[in-house]
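Thank you all for coming; please have the sequence and the model in view while I talk. I will go through a few strands and helices one after another.

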Amino acid sequence: MTASGLLAEIEDVGRDPKRGGYSRHAFDAPEQDLRAWFGERALGLGLDVDTDHNGNIWAWWGPPGPDAVVTGSHLDSVPGGGAFDGPLGVVSALAAVEALQARGFRPGKPFAVVVFTEEEGGRFGVPCLGSRLLTGTIDAGKARGLRDADGVTFAEAAAKSGFDPELIGADPARLGQIGRFLELHVEQGRGLIDLGAPVAVGSTVIAHGRWRFSFAGQGNHAGATLLADRADPMLPAAATVTAVRRLAKAVPDARATVGRLVPTPGGTNVIASIVDLWLDARVPGSVTPALVEDITRAAEAAAAEEGCRVTVTRESYSDDVVFDDALRRDLGGWLGGPPELPTGAGHDAAILAGFVPSGMLYVRNPTGISHSPEEFAEAADVEAGAEALAGVLERLAR
């Protein structure tokens, strides 16, 4: 089966009629359906499937062991996301295994395809949660306590899906099996459009993080409360949204976004008592925390002017990542000198890069748009990516 054909098999899973695109989140019904689909497909290739105690799925070609070659990605999405972000890497890995089997290849090293849990953080707020838990780069207690929009904790959702919440956390034995990790992903920008190439090798990932700003004021009646008598947290929240753009523009190559804002209680004729907003900030180098500090000062000043308070909580942060030099050179040589691209998007490969040699391949996205229903990849490019992945995996796993 081709990678495009595998994508077609799951194209109706998790469609979001309200937002458009797809909404597939950790342990929800669409993601569970995709998990089951992956297991069936992997078993059909003769792979041995098991799931670790953090919910990451592993499909082993041959017995597990040290110095394993591992490839894969994720199946979850952002709310209203595209069809390619995550699943493309998974279906390409399955297609690569099938292609290698058809050639008569058998890996000389342990080999696995992995599906990581909650890469987007679309349900519980922390991106790359499965790989962070695997590597121990998030506290297990914090992870268990993460809540979705309905107040369900990650521990509760995991338990409902058959996992023991007490076992969630760092997995040094599993991590120690990985010799090299390679993730294929749709490009989330327009680098390959401008370069006229179907596939690229990843070079770096920009430092990035997420922060929650919680503005507290006085909930009250929208019609009976004079403007002079208000402590309305929506005003400093709005001022912070505009400050994010203004302050980020002053920092070279900074990207800063407020993509979610939630007032409580959320009534049309109610002055909110609390307004929460989430900041996503990404700046090359070690500049991201400094930009967030500037935004925090602006938020504090706006809150004080309105007689409100603001609390800022860092939910996740990752420094700049440079992918393994030797692996990157090998990938480039084996693929005939494709472009190398940096990215502002986070990936499980970037989390693993701090522990094992890791790399990335990108497949051209002709729209240049991602985290949106407009995300796309041409079938020919999808197959070019899967073939490139198969070729490099064959060399890595000899």
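**Strands and helices in a predicted model**

Let me begin with strand E2 (residues 57-61), which is mostly covered, since 5 of its 5 residues are buried, where buried means under 20% relative accessible area, exposed means over 50%, and partly exposed lies in between, with a 1.4 Å probe and protein chains only. Helices (H or I, at least four residues) and strands (E, at least two) are DSSP runs, numbered from the N terminus. Please keep in mind that this is a predicted model, in which local features need pLDDT of at least 70 and side-chain atom pairs count only at pLDDT 80 or more, while totals for chains, interfaces and linings use all residues. Residues are numbered from 1 along each chain as its sequence is written, and side-chain values use heavy atoms, with hydrogens and water left out.

Strand E1 (residues 48-51) is joined to E2 by 4 bridges and the two run antiparallel; strands are said to pair if DSSP finds at least two bridges between them. Valine 49 has alanine 59 in E2 as its bridge partner. E1 and E2 make a hairpin with 5 residues between them, and in that turn glycine 55 has a positive phi of about 90°. E2 also pairs with strand E4 (residues 111-116), again in the antiparallel sense, over 5 bridges, and there tryptophan 60 stands opposite alanine 112 in E4.

Now to another sheet. This open sheet has 4 strands in the order E9-E11-E7-E12, and the pairing is antiparallel. Strand E9 (255-264) and strand E12 (309-318) stand at the edges with a single partner strand each, so one side of each is left without a neighbour in the sheet. From one strand to the next, the twist averages 15°.

Within this sheet, strand E7 (residues 208-216) and strand E11 (residues 274-282) run antiparallel and are joined by 9 bridges, with arginine 212 having tryptophan 278 in E11 as its bridge partner. Helix H9 (residues 234-249) packs on the sheet and touches E7, E9 and E11, and its direction makes about 175° with that of E9. Contact here means heavy atoms within 4.5 Å, and angles run from 0 to 180 degrees between N-to-C directions, the axes being lines fitted to C-alpha atoms, for helices over the stretch in contact. E9 and E11 are joined by 9 bridges and run antiparallel, and arginine 260 stands opposite tryptophan 278 in E11. As for E11, 8 of its 9 residues are buried, so it is largely enclosed by the rest of the structure.

Lastly, how do helices meet? Two packed helices are described by the angle between their axes and the distance between the axes. Helix H2 (residues 29-44) and helix H3 (residues 87-102) have axes that come within 10 Å and cross at roughly 15°, and they are therefore roughly parallel to each other; angles under 35 degrees count as roughly parallel, over 145 as roughly antiparallel, 65 to 115 as roughly perpendicular and the rest as oblique. Trp37, Phe38, Arg41 and Ala42 in H2 meet Val90, Val91 and Leu94 in H3.
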